[in-house]
Every structure is written in structure tokens, then in C-alpha cells.
Amino acid sequence: MRYRLPPMLLRNLHSSLEVSSMAATAIFFRTICSPSSTLASLPPLLSHSRSAGLSYSTTSSTPLFGGLFGGSVYHGDGDWMHSRRLGGKVLASQRGYRKVRGRPSARKKEKGKELELDVKICIEEQLPDDTEILDIAELLRLNVPMAMKLAFDGLKDSDHKTRDPTVDDVGQFESVELSILLCHDECIRELNKDWRNEDHATDVLSMSQHMPELKLPMLMLGDIIISVETAARQAEERGHTLVDEIRILMVHGLLHLLGFDHELSDKAEAEMEEEEERLLKSLGWKGKGLIQSASTAEDDESPLPKTPDGRKKAGSLRFYKPKFNYIFCDMDGTLLNSESRISATNANALREASSRGVKVVIATGKTRPAAIALLKMVDLAGRDGIASEYSPGVFIQGLLVYGKQGREIHRRNLDPHVCREAFHYSIKHNIPLIAFSESRCLTLFNHPLVDSLHTVYHEPKAEIMPSVEHLLSGGDVQKVLFLHTAEGVAGTLRPYWEEATTGRASVVQAQPDMLEIVPAGTSKGSGVSMLLDHFGATANEVMAIGDGENDIEMIELASLGIALSNGSEKTKAVANVIGASNDEDGVADAIYRYAF
């Protein structure tokens, strides 16, 4: 699809002989500068081909255009469609015109003087410093002038019947200017929305800046915008490399700027397809032309599968910069589904986020061995995984915190008097109670619910102690956990222990059928805060995901706190966002929607 500057801007340029710059309103880019090149320094294909009597050189001295104007959209069929904004929208952070004294007039360039090809390769600012993309940008410094040269040579004495001849005799200009922007889907989606009133991503857009009315000595060819995210998907589908696909899209976009438009008619499609194939074959580049690769003439600009509310697609995070340095994630009811398993979708999202440099930290009421066991099932445990004995983490409701190299940086123990009272209550009422002592679970009697803590929740198998005193002498206890029915917890246990522990301890719930007694004034949030201090980081760098009341302080602390929809009402009340449920891969949804 090709667009041109609206008449309003043309009139403004006619009346103003010198324009310094225009500020961007939306998108910023980085520039891959190319050194000035003489004809002799260019690749053989470019320097040895001199048909049409033209000679070429490339430079990046002062690119005239690197972006897009807002206003009206030209669809290539002679019709103008006014967009929502007139003027002022550009793609670059700052855009300068060459200073011209007096009214410029068209003039033939001096005989024998080389035509200057002024190419600017840009990378959208929000696109990460991916090595492959940077390498492709560098390669385009040579590839684009080569393609331009061959395309220009093909215009001389061509017999194309459907091409718009506005750009015809390139030899009359002193220079030709073109910008290439590499971006991700969200960027090109916004451009489609602003310019075409179509809210979806495409692989390539061409924005014409040629203004024959001004009779300038340079040909301002325009801009080609390529989504590397879509290009990567298409490259995989079509069985070639990303650089092959980007070259194909660049050629397609270039031909649009030179007046080809496959959407006009079958004849126009055939002519553009033939020219695509000629260029790719002459350049020795792999792959079919974009038109031939598509199943229909419209396939190259058909909507991609949509995901709601701007959610990124799985596998696409490499094309986005992370918004947060840390993701703190709860396990039970959050990362784990109702079957206490980590889904493949959640596991892949954690793996992908971690590969993009985001530190994923587990913050759970579980012991460290339980977290490692569950993550091991999806290959996320170990030195290169999310949790291991050498990884940081917040465990047992923030009562055990491990920092760099997995070393303990904080421990808080429950008052032994509270612990003793709780076990006497357990024996009297025959309600199972578990003491958490670092990586051990201790109890006084067997019970099916005690077994479920190991078989369902993957906690260490509880050790049966002969007496309360033996249990207390076996090691420091960080918390105790009652196991009962949801009705028994809500109607009996919680009211009793909230009153019995006032001023000495606190009660929290991660699950409806469990009640935990922990040291007063402690929480996952305090554990997360200690770990951030240990890292030298701040809460502004954190996204936190949880569901239970024990996650409230952590969610309040984070820059973005997400409570899953299956969470408690109290937790959802303090969250910035309410996400999908734990049975709907809520963690993955949060990562793809908000983390990048």
C-alpha cells in the first residue's frame, strides 16, 4: 500500500522556503548510519551495471525524510482519504529538511555526475537490540542501494502499462532519498490504524514522499516500514531466513514507491509480480516475490490472527523491550492450575520472558524444594531455570528469602509459644497441622490431608514427630499450616486464631481450605522488598502476579500488580489489573499482555 503527502503539506512547503524540523508525536527510532560510498566501493553488481546512462553513489550525509506525515492517505487509485489527524505526525524523533535559499527549481544534474542514493536504515526505538536484527540492518546498508539501482534501471524505456509514471526519469535528480524502518507488529498496527483505519498489523507499508509539484533537485522517494515480527513468522512459514523475507518485503515496498500497485487489476498484479521476480533474481536473493508467495493478491496485507487488547503473540517477545526487570510470581492458584501443575503455555511464557533478560523470581508460601520440584516438571529448574538452590527466591510467605547465588539473606521464625499452642490445639481437635522448618515439613500424626500436601502440592513428605517438644527441638519453625475444610477454616479456625494470636502472630490464607499462622508483621511483600534491596533495585522495576490474600502486600508493592480472576476479592481489590484465571494460563496472559 502506498501513500503520499497531502496537498495541505505541499502548500505549506511551497510557502516556506526553509523548514528546520518537525517533532514526533508517537514513534521514535534509532538510525543505522552508512558511510559515504563512491561507485567504486559498492558491490560489483551495483558498480558494474550502468544501463540507462546513469551512475550512482550512496551516502547518509543528510537524509531528508525518515518518517511519515499525518493528514491524508493516498490509496494509489487517485482517491484521498482523510485520516483522524492532519499534519504533525512523523515517524522520526526529529526530522530535518535541507536548507534551501530561494525557490528550488528542477535542473538537470551535471553531465557525468553520479546520482547520489541517500539511504537511511532505522530501527524502531522499542525494538530490542537483537543481534540478528542489527546484523540485518547493517546488511541493508548495501542491499537497499543495490535494489534501488536495479529498479531505477528497469524504469528506462519500460513498457509497463499499469505503473504510475510519476517517478520516471530518475536521471534528472541530483539525489534520491529513501528511509527503511524496521519495527514490530504493534508499531505497524498503529500506522495501519492511523493511516488506513484498519486495526491490525501487516508485513510492509510504503509511504510515498515524492512531490513533483515542488520541482526539487532531489527525489524524495519515501519510507518503507517493515514489521520484523511478521517477517519472522512468514520466513518460518515459507522456509527461508529472516533476512530473505525482509529483502522480499523491501523490494515489494520499493516497487510500490515507484508506482507499481498489484491491487489495481490483474494486469497490474502480473506486472508487479514480474518486476519483483526480476529484481530478486538479478540480485541473487532467495525467495519468491511477495505477490507470488501469497495465496491471493490481498494475502500480503490480510489481517494476522488477532489477540485481544494488544496481547503479544507467543514467540514474539524478542521484538519487544521488557517494561520490567523483574517478575515476581506466586505459585499455588497462580502459576499452578487447579491440578497443581504448570501448563506448557505458562512454562513457555516464563522461558521466553527469561530469555529476554527479565528476571523471573518465585514468591510463594511453599518451601524451596517444592517450588523446584514443580518447575523441574517443565524443565524450568536448575542453574539456567527459574528456581534452583542457586537462584534467588521468596519462600514460606517471605519468611525465608534467598538472594544472589541462592544464599539465604533473611529468615524469620514463628514464636515457639504460638507454635506450641497450635500443636496442642491440633491434637485436642484432631485437626492436622504442619510445621514448616526451612526445607522440612513436621507434624504429629498421619492424616489424608497431610499426605495430600506432599502428593498434590509437592511439599516435602511430612515427618511424624513423637511429641510437641521433639518437634520444636527439631529446628526453627517459620510457620504452621492447618488443613481443614473451607467451611471449617472460615467458620472456626480463622476466627479463633485471629483472636488467639493478636499481637504475637498473623493469620493468612493462600487456599480456602488452609490457614497459616506466621510471625507478626511479615509477608511476601516484605520478602520481595528485602530481595529488591539486595539487588539494588526498586519496586518500579517489578511486575507481580498473585491470587491469594498472602499476595496482597506484594501486589501493592509492585509497579504493576496483577491479581488473577480466580483470586480472593481482597487481592483483586488492591491489584492494578485483574487477569485471566490460573486455569486459563493467567501468568502467560499477563506476561504477553503487560510485561513487554
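Is Thr522 buried or exposed, and what is its relative accessible area?

Author: The model is predicted, so local features are considered only at pLDDT of at least 70 and side-chain atom pairs only at pLDDT 80 or more, whereas totals for chains, interfaces and linings use all residues. Residues are numbered from 1 along each chain as its sequence is written, and side-chain values use heavy atoms, with hydrogens and water left out.

Thr522 is buried, with a relative accessible area of 13%; buried denotes under 20%, exposed over 50%, and partly exposed the range in between, for a 1.4 Å probe and protein chains only. The loop that holds Thr522 runs between strand 22 (514-519) and helix 16 (524-535). Helices (H or I, at least four residues) and strands (E, at least two) are DSSP runs, numbered from the N terminus. Setting aside neighbours within four places in sequence, Thr522 is in contact with Leu399 and Arg412, contact meaning heavy atoms within 4.5 Å.

Most residues other than glycine have a negative phi. Asn430 likewise has a positive phi, near 55°, and belongs to the loop between helix 12 (416-429) and strand 17 (433-437).

Val170 sits in the loop between helix 3 (131-155) and strand 9 (175-183), and is buried at a relative accessible area of 3%. Leaving out residues up to four places away in sequence, Val170 touches Leu115, Phe152, Leu155 and Val176. Although Val170 and Leu219 are 49 residues apart in sequence, their C-alpha atoms are 7.7 Å apart in space.

The axes of helix 6 (residues 242-257) and helix 7 (residues 266-283) come within 10 Å and cross at roughly 130°; axes are lines fitted to C-alpha atoms, for helices over the stretch in contact, with angles from 0 to 180 degrees between N-to-C directions. Helix 6 is therefore oblique to helix 7, since angles under 35 degrees count as roughly parallel, over 145 as roughly antiparallel, 65 to 115 as roughly perpendicular and the rest as oblique. Where they meet, Ile248, Val251, His252, Leu255 and His256 in helix 6 face Met272, Glu275, Glu276, Leu279 and Leu280 in helix 7.
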